[in-house]
Amino acid sequence: MKLQFLSRHTWMGYGIVALLVGLGVGLREWPLRSLGAELEWLTFYPAVMIAAIFGGIDAGMLATALSCIAVALFWPFGAKLAGDGLFTHWFGMTVFCLSGLVVSGVAETARRAREHAVKLKDQNEAAVQERVLFENSPTAMVSIEPTHGRIIQANQVALHLFGYDAAELLECTVADLTHPDDRELSRRHYDMLSSGQVQHLRFEKRYIKKDGTLFWAETSVSSLRDDQGQVKLFIGNAMDITERKRTSQILNREAEKNALLLHNASDGIHIVDDHGNIIEVSESFCTMLGYSREEMIGMNVSQWDAQWSGMELPGLVRARGLQKGRSQFETRHRRKDGTIFDAEISVFPLALEGNPILFCSSRDITERKKSEAEVQIAAIAFESQEGMLITDATGAILRVNRAFMEITGYTSEEVVGKNPRLLSSGRQDASFYQAMWKSIHEKDSWRGEIWNRRKNGEIYPEYLTITAVKNERGVVTNYVATLTDITLRKRSEEEIRNLAFYDHLTRLPNRRLLTDRLKQAMASSARNGRQGALLFIDLDNFKTLNDTLGHGVGDVLLQQVAERLIACVREGDSVARIGGDEFVVMLEDLSNVDMEAAAQTEAVGGKILDCLSQPYPLPTQDYRGSCSLGATLFRGHEQGIEELLKQADIAMYQAKKAGRNTLRFFDPQMQQNVSARAALEDELHQAIGNRQFRLFYQIQTDALGHPTGAEALIRWLHPVMGIIAPEQFIPLAEESGLILAIGEWVLEAACRQLRLWQAQESTRDFVLSVNISARQFHQEGFSRQVQACVKNHGVNPHQLKFELTESMLLDNIEDTIITMNALRHTGVRLSLDDFGTGYSSLQYLKRLPLSQLKIDQSFVRDITEDSSDKAIVRTIIAMAQSLNLEVIAEGVETEAQRQFLFSAGCRHYQGYLFGKPLPIEQFEALLKRSKPAS
């Protein structure tokens, strides 16, 4: 009997066999024993057939064996000995055995045929179902030939996903569809499935569609094997997850961004558990409290909160955790060094892995507290006895106080939203308001007396102070004005002033008022460091006029002199008559440099000398006179008032001795310098007309030592003093305005030389650099002048380069950018000279259409020893590279300097290492001798 016996039969088969065999035995013995052998055929034989039918061949054989045993055991012993009975008995047993085998065999064959038919039917149905599932799968499915990875079957989803039709896709292999970077991954997967290491793999990889589009897919591959274990084919399943990957990347970026926000937030971010212990903290919070991050992780809120006690804090923390939404409150924090400051806390309850946490943000509000206190004080001060109004940046009134309404007669409702011009009296002209706003724009404030008009039409004097309020970016947001009605004071002051402070003849300040103003000017000079000057003026031969024409005519002359003096000075300067024919002019806000202040004083003095020498229309005749001027400078309280007046008086007498109608300074050396300066200016005028200027050229090279061009440097060939360097005369030319003529000459000379170089093979690609002065650059029509010059000389504008300094560019930046763009449009290159020595703003620098930065020689000089210079130079070069600008270093004098610059990324040089500034003949000789550096 086979081991499969129990699994191939049913309890019904066994039950029927047992029932029929038992029935046969019972009937054989009792009560139908007389029927004899017939019962064996009626019971045992059907048992064999039924067992074979229901139980198969094994059950049939079992039934046959049991029937034979039953017949043998229960046949009567006497019958067994009888001849016929014995034959019948054994014949019956043989028949049972043979018939049982035949019936069982027939039944087994029928059963197996039936099972095979059922199996074939099931296989066909499974194949059909599998095909239906394959074609109707919501994901892309393919069958893959295992040897070469060729696609042998694909559903419609796969065709749509890869963009091929069926014929095209069946010519592709898996490698053809796989992104090149993922083909090695596919090969490893193929090896694992082929070797039997795994039967199924799931992974993500990139595929390429027919149109070249890249997409991500979640892929699963299973191997199908035959009975011998060999791989028949691979079944692949792919689902497009490109959007999911994109979403995942976005989420990852968001997570990274959130981490960056946490650790770089300006507010102090800290996350605490429900006991108040820190589980995460930002760097800003660590800095705020003075701890390191390692020290803060695990700290409890009680260790830095100074508002509540340690007993109160746990309950407060839990209470905040139970609140819904964000809560905000103020407290006080204690730093590591023990100092305490006010803080504003924002708390938001969250859950992390099922545990409650608090997301907290601390902000130092110390300054805000101060501001709030100041605002409260300001609110009290706003309702002061002085009238006050506040406007927005456009001048619209936002608020006025009660004193303003009492002074002007307007209510708040009548003026809010209006412009303060509704108070204008019309007495001040446009120039007054222009000067007022110029002061506000330049100095952020203006103060002075003004005439305004009340609501009832009455005009009254008012002392007005206007202050500009700016935000942190320096942009004006509001204007605040305080005004005081000074009607009564003006009347009283006018009377007193007329008696005590003014000359009754000329209405000019007298000596007393001059002394007061000089005292104020000295105090102002001490604060701002700027110099002032006194000009002592005495009319020449005035006594003779009085003696010949009378004192009445002399008085008329003095009045006209007063008018002319006032016309010669600025509004902020003072003119006073201190007695007889003596006048004093006080100048303020001059330069803080001695020579510049002296030059400014000399300019005013020259204007006075010229103005007072013009004819005077007197009652009896026209009169032509002159005056002598003495000048002295002052700064702060270095000298007393009387001493200054005495110095100016002494200088005036020196002018008298020098022949009158002239100016002299009290300081002999200053006088000498002023005289020399005047002489130099006169000779500079002559130098322009006599063509005494020459251009010298200093070579510029590249990293290989090849000449790439030169910088044109002006020299004054003085007939007596020889060669004069530009730093000795260019500042004077700037101040006097001669720089425009000189600059025009330099531009013409440079273009002529550039034209000659472009005609020669060795120099045709040279770039010539020309220094442009601030006054020349900002003159109207400068770009048109350059364009005309380039066109007239027929030079390539790309080989002309203007070197501009930082200070000249950042003055009126918008107009500067317009001019630079016009020059760049012409084709001229623009280089920023002496870069790093000024105060350039990178915000403006990136807007300038530059092509080159020039490293100042002050950084190059000690570059091999000074670490700061090294760092600055590296930074300049890196910044130039990031802005796509060429960089050149000037002042290169040693090979060590050049080597360092080369290693830092600088590839263009200028300096004595390659050549000094030379006349054109020597420069061209240098070019012939130049060889590339090693």
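## The β17-β18 hairpin

β17 and β18 make a hairpin with 2 residues between them, and Gly 580 in the turn has a positive phi of about 55 degrees. Strands here are DSSP runs of E with at least two residues, helices are runs of H or I with at least four, and both are numbered from the N terminus. The two strands pair in the antiparallel sense over 5 bridges; pairing takes at least two DSSP bridges between the strands. Val 575, for instance, has Val 585 in β18 as its bridge partner.

This is a predicted model, so to say: local features need pLDDT of at least 70, side-chain atom pairs count only at pLDDT 80 or more, and totals for chains, interfaces and linings use all residues. Residues are numbered from 1 along each chain as its sequence is written, and side-chain values use heavy atoms, with hydrogens and water left out.

## The sheet around it

Even so, 5 of the 6 residues of β17 are buried, so the rest of the structure largely encloses it. Buried means under 20% relative accessible area, exposed over 50%, and partly exposed in between, using a 1.4 Å probe and protein chains only.

## Cysteines

There are 0 disulfides in the structure, a disulfide being two cysteine sulfur atoms within 2.5 Å. For Cys 627, the nearest cysteine sulfur is that of Cys 568, 9.3 Å away. Cys 627 is buried at 0% relative accessible area, and Cys 906 counts as buried at 0% too.

## Gln 698

Gln 698 is in strand β23 (residues 693-702) and is buried, at 8% relative accessible area. Its side chain makes a 3.0 Å polar contact with that of Gln 910. A polar contact is an N or O pair within 3.5 Å; within protein, one atom must be able to donate a hydrogen and the other to accept it, and residues adjacent in sequence count only if both atoms are side-chain atoms. A polar atom of the Gln 698 side chain also lies 3.1 Å from the backbone oxygen of Gly 915.
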